Amino acid sequence: MAYARGRHWPFFLITLAVAFVAFEVPPYLTGDPTQSRIQPEPQLAAYFPVLAAHVVLGCAALLCGCLQVWPWLRARRPRLHRIVGRVYVGLAVVAGLMALYLATNTPYGPVARASSTVLATLWIGTSVAGLVAARRKDFAAHRRWMIRSFVLACSIATNRVWVVILVITLTPSYPDNNLALLITTAGLSSWLGWTLPLLITQLWLDRDYRRRAVDLERTPPPTVADHDGNPDHRSEQGSWA
């Protein structure tokens, strides 16, 4: 079957997502703020509970997103695909709203604050836009919006990759100033973690759009019979949103 050829990548993606969740979530299930990887200001009593809920819901959204991009699930279990999709959007909206609060109170400075605010807004927006497109049965637009949304959801993991790269790269520049290193790394990684993947994704979507449009133009018109039973080649107008 078409969806079975070259489709091993979802298992690799799901494996990476499960491994990341297994690493990321446990400290936030303890209820102990000292276990948090982000230490907020002492006066922000609500920060850790919101952060813990955001991490758990965001990781749940990440796992749901992995299922949503699995071609087999879409082809063989469309009803399950729709259910998981609605769950994903709900998780994205709630986790995104929590991210706006966390962004406002981030200890990592204005650069990281701006990035987290834009990211959360875009994640909510793309998720809702994908749901609206699906309800309108514009599945081409739905596919593009949800791919963008899932890429933004993955920033919770890609951000960590950039942290490692930037710490290794920038440490020699801040030999005696760990706070400056932390703020700089957090600011840069928070932007790089989602802007580059989203840019690459948009370039791929644009290329995919053009390829599909060319394929549609090259598709021969269907052959239908006229009233006398003779072949009549008439073009049907296809739609590709």
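**Entry 1. Overall picture.** I looked up burial and found that 35% of the 241 residues of the protein count as buried. I note that this is a predicted model. I then listed the secondary structure, which has 9 helices and 2 strands. Read from the N terminus, the order is α-α-α-α-α-α-α-α-α-β-β.

**Entry 2. Salt bridges.** How many salt bridges does the structure hold? I found 2. As background, side chains of opposite charge can pair when their charged atoms come close.

I took the pair of Glu24 and Arg37 and noted 3.7 Å between the closest N and O atoms.

I then took the salt bridge between the side chains of Glu24 and Arg160, where the N to O distance is 2.8 Å. This pair joins distant parts of the chain, with Glu24 in helix H1 and Arg160 in helix H8 (residues 155-170), 136 residues apart.

I wrote down that Glu24, Arg37 and Arg160 are linked in a network of salt bridges.

Entry 3. Is Glu24 buried or exposed? I found Glu24 at 1% relative accessibility, so Glu24 counts as buried, because the cut-off for buried is under 20%. Arg37 has 36% relative accessibility and counts as partly exposed. Arg160, with a relative accessible area of 33%, is partly exposed too.

**Entry 4. Cysteines.** A disulfide is a covalent bond between the sulfur atoms of two cysteines. I checked the search of the whole structure, and it gives 0 disulfides. Cys64 is therefore in no disulfide: the nearest cysteine sulfur belongs to Cys66 and is 9.2 Å away, whereas a disulfide needs the sulfur atoms within 2.5 Å.

I also looked up burial for two cysteines. Cys64 is buried, with a relative accessible area of 14%. Cys59 counts as buried as well, at 1% relative accessibility.

**Entry 5. Positive patch.** Which residues gather in a patch of positive charge on the surface? I listed Arg79, Arg82, Arg86, Arg135 and Lys137. Helix H5 (residues 78-104) gives the most to this patch, with 3 residues. I placed Arg86 in helix H5.

Conventions. Residues numbered from 1 in each chain as written. Predicted model: local features only at pLDDT ≥ 70, side-chain atom pairs only at ≥ 80, totals over all residues. Heavy atoms only, no water. Patch = residues over 30% accessible without salt bridge, like charges linked within 9 Å, V, L, I, M, F, W, Y side chains within 5 Å. Areas by Shrake-Rupley, 256 points an atom, 1.4 Å probe, with all protein chains shown as cover. Salt bridge = Lys/Arg side-chain N within 4 Å of Asp/Glu carboxyl O. Lys, Arg positive; Asp, Glu negative; His and termini not counted. Charge placed at Lys NZ, Arg CZ, Asp CG, Glu CD. Helix = DSSP H or I, 4+ residues; strand = E, 2+ residues; numbered from the N terminus. Buried < 20%, exposed > 50% of the residue type's maximum accessible area, 1.4 Å probe, protein only.
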